[in-house]
Amino acid sequence: MRQIIIIGAILLPLAFGGCEMDSREFSDLTVTKSPLGDGWLIPVQEVFDGGPGKDGIPALTEPKFIVPASFDYLVDEDLVLGFVVGDEVRAYPHAILDWHEIINDKVEDVNIAVTYCPLTGTGIGWNREINGTVTTFGVSGLLYNSNLIPYDREIDSNWSQMRMDCVEGELQGTKIETIALVETTWKTWQAMYPSTTIVSPKTGYDRDYGRYPYGGYKILDDYLLFPVANEDDRLPNKERVHAVVLSSNARIYPLSAFGEQVTVIQEKLRGNDIVVVGNGADNFVTSYFSDPGDGTLLTFAPVQDQYPVVMMDHEECNNWDVFGRAVSGPRKGTQLRHARSFMGYWFSFAAFYPSLTIYGEE
Amino acid sequence: MGKLFHIIITALICLVIFPAAGSAQTCCSGGVPLSGNIGFLGAGPGTLQLELSYDLNYLATLKNGSESYDDEYRKRITQSLLLKTGYSITRWLAVDALFSLVNQRRTISFNEQSNSVRTLGAGDAVIMVKYIFPGLNAGGVEIQLGAGPKIPLGPSDLTDDRGITLNADLQPGSNSWDLITWGYFSRQLKARPSSVFSARIVGRFNGTNREYLGSQNYRFGNTLQVYLGIGDQLLIGNRIIIPSLSFRYRHAWADKINDLQLDNTGGRWINIIPAVGWHISQSMIFNLVPEIPIYSKVEGIQLAPTFRIQAGLYMSLGTGKKNQLNQYTL
């Protein structure tokens with residue numbers, strides 16, 4: 001008995017010993033160091049361990065692509081993130097990204113990381129070339145405002161997907177260069193780009209890609225797995241919206257604001273002329289700066305039933321596709337600058353950009 | 001005998017405090033083995049029963065429903081040091097208590113690199129009051145019923161070395177008050193009085209952690225466990241050996257977060273437990289209890305137990321009748 005008491009006395013202090021660890025957008029490479037002095041640009045007490053751990057959700061690197069006829073894991077209404085460069089057309093389905101969150105790919109000469117957070121529903125293309133070095137991104141297993149924190153394998157710095165900058169590590173403060181992706185349904189994407197290829201389900205990982213791994217998460221508005229900094233009930237939490245992020249502010253365009261036809265919205269946001277084009281029924285919204293780069297301010301009209309062409313400018317009658325490229329007309333080949341914009345669940349934008357405004361609310 | 005006692009005790013402690021540097025996700029079956037370990041057999045009034053044991057729960061099987069994925073780069077190891085005590089106040093009333101020290105490690109091996117997170121801390125404790133049906137011993141029957149609280153002594157807000165709060169599955173404590181209910185039945189076999197058939201049922205009704213990740217409500221799913229087993233006592237040389245074979249059925253309901261059911265939690269498991277005990281002395285038994293899953297069906301996708309093993313040193317002190325068996329081996 002005496003021995004057990006002695007052992008207990010030794011164990012208790014040890015027991016309380018805590019734990020130990022082992023079309024591209026403009027780039028602003030301004031580096032800001034942590035204002036908090038703890039090595040993070042974001043409040044570390046609002047960063048949470050998601051559960052699977054670092055690389056517990058395995059990112060894919062240069063996966064195989066197949067033609068649509070040879071698989072059966074998607075239905076027409078499933079969402080994909082589409083990317084086009086040159087003649088190469090690729091679709092990165094949510095069904096794969098729900099399980100891997102990041103796909104490091106190389107398309108033509110573009111080193112892209114397709115980053116997707118299932119909890120915030122945000123898919124953003126990132127340029128993997130940072131300060132002249134090509135890296136790959138992995139899933140850190142950490143979450144900020146319920147959103148993915150990728151890490152770069154070259155430097156091992158942590159990044160915030162929705163802030164689009166490095167929040168911890170040597171590259172802290174560096175903004176990521178984003179690459180335009182179009183999020184839409186598999187059916188619409190195929191209508192836009194019938195020659196598309198798609199990520200093969202033979203990823204090297206034994207997963208059931210036909211199954212959504214988060215149960216009712218997409219449809220249950222009150223079902224959030226991690227705390228978020230700011231809750232805003234102006235829209236339902238899981239409503240899918242398009243956000244244009246300028247500086248540290250955002251303008252929200254609910255998908256529901258777009259009707260059953262291609263619709264064009266032009267606005268001046270923080271001194272920038274922006275064109276937002278979308279179709280609610282076909283489930284896409286995308287946005288660009290209206291200035292084609294020579295100081296001309298173009299005004300646009302929607303184009304119906306001619307995918308991937310979605311708009312035409314009044315001034316010169318150029319046809320523009322969903323990626324903001326002039327595909328016919330005097331400006332053929334011109335690329336509109338992609339606004340820093342992406343789709344996602346409403347609650348996540350409210351958390352990251354609390355002073356955001358909503359189109360149609362004014 | 002004293003030297004052997006010291007060696008075993010030291011080894012059990014070292015296993016938890018300084019775990020082997022093995023390769024090292026989350027699920028509802030990787031936690032600290034509290035409810036499955038509470039409850040001694042009946043002993044005479046005035047008997048103090050003690051057991052110090054080491055429990056290793058090794059999870060490396062990624063499951064989707066009842067299908068196992070070919071994916072072994074994730075491991076989770078929970079090692080616990082359990083101190084179980086029981087005191088028989090009268091012939092029909094006893095109190096048991098269980099204290100734990102928990103070491104949890106999560107390791108991901110990816111692209112030939114390995115990342116680990118480890119937590120160490122006091123786990124929660126259980127205190128249970130038991131009623132022992134009197135007057136059944138003569139027929140070789142023992143029936144006990146017990147109930148008590150699981151007390152949230154363990155921390156549930158540990159952070160890693162960057163200050164990041166770890167998720168619920170890596171916390172030693174649950175920060176909730178739970179209710180444990182327990183029932184035990186055993187009967188000597190007439191054909192062979194040294195053999196005993198036993199059945200045990202344990203229910204755990206979990207409370208809510210209202211401070212999960214600062215502001216959320218988290219409730220681990222309730223669990224039901226049923227044990228069925230048969231054990232014997234054999235005299236081999238001058239040692240009494242207690243072999244036994246048991247089966248454990250465990251049903252865990254899904255966890256809830258903010259009152260909404262959490263996906264990828266809950267499931268059903270059936271394990272086989274071929275155990276053996278050695279009498280070191282008349283009042284001391286060394287138990288070795290491996291546990292192997294033979295069937296499981298989890299909700300969604302979860303990292304599930306690959307195997308479990310427990311080694312413990314049991315002793316009884318006092319004036320009461322000394323039991324030669326305990327619930328591990330039956």
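Colleague: Why is Cys166(A) called buried?

Modeller: This is a predicted model, and in it Cys166(A) has a relative accessibility of 0%. Buried means under 20%, so Cys166(A) counts as buried.

Colleague: What makes Cys117(A) buried or exposed?

Modeller: Cys117(A) comes out at 2% relative accessibility. The cut-off for buried is under 20%, so Cys117(A) counts as buried.

Colleague: How many disulfides are found over all chains?

Modeller: The search of the whole structure gives 0 disulfides. To count, a pair of cysteine sulfur atoms has to be within 2.5 Å. In general, a disulfide is a covalent bond between the sulfur atoms of two cysteines.

Colleague: Next, the loops. Why is Asn131(A) called exposed?

Modeller: The relative accessible area of Asn131(A) is 51%. Exposed means over 50%, so Asn131(A) is exposed. Asn131(A) sits in the loop between β10 (129-130) and β11 (133-134) of chain A.

Colleague: What is the phi of Asn131(A)?

Modeller: Phi is near 50 degrees there, which is a positive value, and Asn131(A) is a residue other than glycine.

Colleague: Ser146(A) also has an entry for phi. What is the value, and where is Ser146(A) found?

Modeller: Ser146(A) is not a glycine, yet its phi is positive, about 70 degrees. The residue belongs to the loop between β12 (137-144) and β13 (147-152) of chain A.

Colleague: How do you know whether Ser146(A) is buried or exposed?

Modeller: By its relative accessibility, which is 1%. Under 20% is buried, so Ser146(A) counts as buried.

Colleague: Which peptide bond is cis?

Modeller: The one that joins Tyr307(A) and Pro308(A), with omega at about 5 degrees. Pro308(A) lies in the loop between β24 (300-302) and β25 (309-313) of chain A.

Colleague: How do you know that β24(A) and β25(A) pair?

Modeller: They are joined by 3 bridges. Pairing needs at least two bridges, so β24(A) and β25(A) are paired, and they run antiparallel. Across from Phe300(A) stands Asp313(A) in β25(A).

Colleague: In which order do the strands of the open sheet come?

Modeller: The sheet has 4 strands in the order β24-β25-β26-β27 (chain A), with antiparallel pairing.

Colleague: What makes β24 and β27 (326-328) of chain A edge strands?

Modeller: Each of the two pairs on one side only. Neighbouring strands of this sheet are turned against each other by 40 degrees on average, direction ignored.

Colleague: Through what do strands of a sheet pair in general?

Modeller: Through backbone hydrogen bonds, and the pairing is either parallel or antiparallel.

Key. Residues are numbered from 1 along each chain as its sequence is written. Chains are lettered from A and ligands numbered from 1 in the order in which they are written. This is a predicted model: local features need pLDDT of at least 70, side-chain atom pairs count only at pLDDT 80 or more; totals for chains, interfaces and linings use all residues. Side-chain values use heavy atoms; hydrogens and water are left out. Buried means under 20% relative accessible area, exposed over 50%, partly exposed in between (1.4 Å probe, protein chains only). Axes are lines fitted to C-alpha atoms, for helices over the stretch in contact, and angles run from 0 to 180 degrees between N-to-C directions.
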